[in-house]
Amino acid sequence: MKRAVRTVIRLIAAGIIVIGSMSIVLEFARYKLQRAEPDIWQFLLGSFAIVAGLALFAASSRLAARWTRDADD
């Protein structure tokens, strides 16, 4: 049970990292192609999403162990 929960948490973390990366890349492409001013908030939100995804990925084993503690008993 713990392995399944850990996998789901890691999939969610990977999705958050991908969405944050896409946000940064698309904002950079808009900046380069349209010669518009870069929106610093898009870069910051994308960076925050990447960091949050990495933190969730790193804590996935501990979270899975905590959430499945009752199921293992």
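Which residues does L63 touch, not counting residues up to four places away in sequence? Before the reply, a word on the ground rules. This is a predicted model, in which local features need pLDDT of at least 70 and side-chain atom pairs count only at pLDDT 80 or more, while totals for chains, interfaces and linings use all residues. Residues are numbered from 1 along each chain as its sequence is written, and side-chain values use heavy atoms, with hydrogens and water left out.

1. L63 and its contacts. Leaving aside residues up to four places away in sequence, L63 touches I9 and L56; contact here means heavy atoms within 4.5 Å. L63 sits in helix α3, where helices are DSSP runs (H or I, at least four residues) numbered from the N terminus. With a relative accessible area of 18%, L63 is buried, given that buried means under 20%, exposed over 50% and partly exposed in between (1.4 Å probe, protein chains only). Along the chain L63 and M1 are 62 residues apart, yet their C-alpha atoms are separated by 13 Å.

2. The core. L63 also belongs to the largest nonpolar core, together with V5, I9, A59 and A64. By nonpolar core I mean a set of buried Ala, Val, Leu, Ile, Met, Phe, Trp, Tyr and Cys residues joined through side-chain atoms within 4.5 Å. At least two residues of this core come from each of α1 and α3 (60-67). A64 touches K2, V5, R6 and I9, again not counting residues up to four places away in sequence.

3. The salt bridge. How many salt bridges does the structure hold? There is one, counting a side-chain nitrogen of Lys or Arg within 4 Å of a carboxyl oxygen of Asp or Glu. R30 forms a salt bridge with E27, and their closest N and O atoms are 2.7 Å apart. R30 and E27 are three residues apart in helix α1, so about one helical turn separates them. R30 is partly exposed at a relative accessible area of 28%.

4. Is E27 buried or exposed? E27 counts as buried because its relative accessible area is 6%.

5. V18, M22 and L26 make a nonpolar surface patch of about 300 Å². Patches are made of residues with over 30% relative accessible area and no salt bridge, joining like charges within 9 Å and nonpolar side chains (Val, Leu, Ile, Met, Phe, Trp, Tyr) within 5 Å. The accessible areas come from the Shrake-Rupley method with a 1.4 Å probe, and for residues only the protein chains shown count as cover. M22 lies in helix α1 (residues 2-34) and, at 47% relative accessibility, counts as partly exposed.

6. A backbone angle to look at. R35 has a positive phi of about 50° although it is not a glycine. R35 is in the loop between α1 and α2 (40-58), and its 73% relative accessibility makes it exposed.

7. A span within the model. T7 is found in helix α1 and is partly exposed, with a relative accessible area of 40%. T7 and F28 are 21 residues apart in sequence and 31 Å apart in space, C-alpha to C-alpha.
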